[in-house]
Structures are given as C-alpha cells and as structure tokens.
Amino acid sequence: MINKSYKHWIIVILMCCLAASSIGLCTNAIGVFYVPVSKSLHVLKGTFALHATLSTLATALTSLKMSKIIKKYNYKKVLLIGVLLTSVSTWLMSYSSSVYLFYILGIIRGIGVGIYGMVPLTVVITNWFDQKHGLATSLALSFSGLAGAIFSPLLSSWIDYYGWQITYRFMAICVFILVLPALIIPWKIKPQEEGLLPYGYQRRETVTVSKNKINLLTLSFLCMCLFTVLHTSITGISQHLSGIALSIQLSTNIGATFMSLAMIGNICTKLLIGFLSDLFTPVKAVIIMILTNCFSLVLLFVGVLQHQVLLLTIGSFIFGSIYSVGAVGIPMLTRYFFGSENYSQTYAVIGFLTNVGSASSLTLIGYLYDFTQSYQVVFIIALFFHLINLILLLVICSRYNNKGDRNEIL
C-alpha cells in the first residue's frame, strides 16, 4: 500500500477547515463579544464569560467519548450533527436577552465543538501521519489561529456597525461554511480504509500492546494531566486582551487588534513548534515555547502598568505562543511519551483536561478583574503556572528516560 500521496495532505487541509471553525471561531474569536454583550445584558463580564466556560466544559465532556464514537459510527454523519449544533446555537444567541439562555446555548455549542474539535482532529492526523506528524499537526491547528486573527477584528467591526445580535448570525454562517469542504469531499478516519498507509510508514518491529489495559495511574501520566490543566488555564488571557485594552482607556479597535496579533502569533508559533519538534524533540520544542510565553507575560505586565501600547502590542503577538503548546505541543508530548498506539485512549483524557483548563480560565480571569480592577495578578499567576510546568516536564522526562513509567505503559 502507498504511504505517501496527495490524499494525506488533503486530510490536513480538511482538518485545517475543522480547526478554523471549531477552535478559531468558537473559541479564539469570541472574546470580542464579552464587553458589548455583558453591557447590553447589564451583568458582570465574568458572569457573561461563564457561558464560554460552560461551553468549553461541554466540549471537554463530549471529547471524552469522541475517540470511541468516531470508530463506531460514520464520522461524516456525526460531523454534520456537530456543525449543526454549533452553528444553530450560535445563531440563536443573537435572540438571547438573558444570560441564562446564553448558558444553555453555550452548552449546546460546546457539545457541537467537541464533536469536531481538538480530539477528533488530532486522532485523524495521528492515524494518517507516521512521519511529518509534527508538521501536519502544526499546519492543521495553525488555522485555528488564522481564523482567530481574521475574525477577531472582523467580528469587532461588525459589532460596531451592525450590533452584536446580527454579528452572531454572521458568525453562525461562517462556522458552517468552514466545515463544508469536510462534509463534501470523501475521506475516512483511517488511511487503511482507503487502501493507504499512514504518511511515511515503514514496517518495523513493534511491542505488542494490550488494548484497553493501559495503566494511566502512573506518575508520568498524572504529571502530564496537571501540566495540561495548568497550561491551558492560561490561554484565556488572549480572550481578555480586548478588556485589557479597555481597562487602560484604549479603544475597542485597539483591543481587537491585540487579539488579532495574538492569533497571528498563534499561527507563527504553531508552525514553529512543529518544525522544532521534528528538528529536536517535542520536549525541547515545548520548553522553548513556554519560555517564550513567559517573556510575553512580562511585556504585558509592564505594558499595562505603564500604559505602553508598544509593549502590549509586542506582548500580545508573542503571547500567541501559549496556543502552540496547548494545541500542538500537548498532543505531540502525549504521542511522544505514551505512544501512537495508545493515543486515542490517552489523549481522550488529556483532551478533556485541555478543555477543563481553558474553561476555568475564561470565567476566573473575568472575575479576577471584576473584583481587583487589574489584570496584574493574572499575569503573575500565569508565570507561576509556567514555573510549575517546567518542573513537571523535568519529572516526566526523568521517568521516561529511566523507563520507570514507560514500561508500565508500553
């Protein structure tokens, strides 16, 4: 069977579309709604942001089951259900006059996003790519940043011109259109179903693994779980960049620009981490990105403190590196430490925790600002989380190199 073909790269393009719709629009670009909608509903920003938290938690719970669902059912039909739930619930938000209705619709949207979001995306790429896995993953997930970079200022301008209600309807249409190529073009979850092999696959001796009996209660896996929650709990800062701008009397458009720059940084660093992973190892690539993000947090801290737009601009761009680890680094680390043959089972748990961390940050950051009237404490907590995660990586690497937990898994 063929292990290199144009179809492998068509799969990457289709995953780009799914990432742009599910993560780019429904996660990375929704921050522009926080201020106008919370003001319109006369609620705290943190109270409105709770709908995004509930949405992300729904995505997390849905993701837990997706590795089994995509094996059992025709994924094209499942995908259609997912995008309909996402786009219809987004459309209905335009008619919402109560924050509680936003909570209900947010949960429905979260279920839809979970059906075609991070876990299915990375499972498909892992199935289709043996070599160039880092490149394929980074290419696909970079489109979530590209969508965020394009739609953040676009949605912001639509809100200013048409109002947030009409903008939600435009957003719902875009969510559906981005998924259309994956619904129209024929493709399968596994290349073997199309008479192909994973990209670059070479027959080699493998260790026989007893499926469904993988021991996840190891120190390495527990550290990986904590690493995931702490890192993804920082990602919500990017959705509050518009609010950060407003907190120091900058305009809404400047805030949208900060969000757009973060998404551009998101794209660049996702591509970079894939390259660094293939060049070195996923661990070294992740460490480089974490240190890069620490630098961005320092710039944001000083920029807010001294009202320096230039520092905030540079810091926003570099802060996009947070997504390179959350979206690309964590899946690669999971595959690197626990094996591609165990990926569906291990990343089902890791993917769930990815969404849990993201969900908690969206609301907590909003409330931290509501009660302190400052984002400084958020930046300090984020730096502290990065420090803990560097220590956790050292622990996992030590266990991996000594084959302590690795033998229990492999």
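Is Lys-7 buried or exposed? I looked this up before anything else. Lys-7 is buried, because its relative accessible area is 12% and buried means under 20%, exposed over 50% and partly exposed in between, with a 1.4 Å probe and protein chains only.

Notes on the source. I am working with a predicted model, in which local features need pLDDT of at least 70, side-chain atom pairs count only at pLDDT 80 or more, and totals for chains, interfaces and linings use all residues. Residues are numbered from 1 along each chain as its sequence is written, and side-chain values use heavy atoms, with hydrogens and water left out.

Entry: salt bridges. I took a salt bridge as a side-chain nitrogen of Lys or Arg within 4 Å of a carboxyl oxygen of Asp or Glu. The search of the whole structure gave 2 salt bridges. In one of them Lys-7 pairs with Glu-194, with 2.5 Å between the closest N and O atoms. Lys-7 is in helix H1, while Glu-194 is in the loop between helix H8 (164–184) and helix H9 (219–232), 187 residues apart. Helices here are DSSP runs (H or I, at least four residues), numbered from the N terminus. Glu-194 has 27% relative accessibility, so I noted it as partly exposed.

I then looked up Asp-130 and Arg-335, whose side chains form a salt bridge at 3.7 Å, N to O. Asp-130 belongs to the loop between H6 and H7 and Arg-335 to helix H14, so this pair ties together parts that are 205 residues apart in sequence. Both Asp-130 and Arg-335 are buried.

Entry: Ser-5 sits in the segment before helix H1 (6–28). Ser-5 counts as buried because its relative accessible area is 18%. Its side chain makes a polar contact of 3.0 Å with the side chain of His-8. A polar contact is a pair of N or O atoms within 3.5 Å; within protein, one must be able to donate a hydrogen and the other to accept it, and residues adjacent in sequence count only if both atoms are side-chain atoms. I also found a polar side-chain atom of Ser-5 at 3.3 Å from the backbone nitrogen of Lys-7.

Entry: aromatic rings. Rings of Phe, Tyr and Trp (its six-membered ring) pair if their centres lie within 6.5 Å; planes under 30 degrees apart are stacked, over 60 edge-to-face and the rest tilted. I found 17 aromatic pairs in the whole structure. Trp-9 and Phe-129 are an edge-to-face pair, 5.1 Å centre to centre with 65° between the planes. Trp-9 is in helix H1 and Phe-129 in the loop between helix H6 (118–128) and helix H7 (133–162), 120 residues apart. Trp-9 is partly exposed because its relative accessibility is 28%, whereas Phe-129, at 1%, is buried. I also listed one aromatic cluster, made by Phe-33, Tyr-34, Phe-48, Phe-102, Trp-164 and Tyr-168.

Entry: helix H14. I returned to the helix that holds Arg-335. H14 bends by about 45° at Gly-329, and Pro-331 follows within four residues. The bend at a residue is the angle between axes fitted to the seven residues ending there and the seven starting there. Of the 18 residues of H14, 17 are buried. Just after H14, Gly-339 has a positive phi of about 90°.

Entry: helix H3. I noted a kink of about 45° in H3, centred on Met-66.

Definitions and conventions:
Helices (H or I, at least four residues) and strands (E, at least two) are DSSP runs, numbered from the N terminus.
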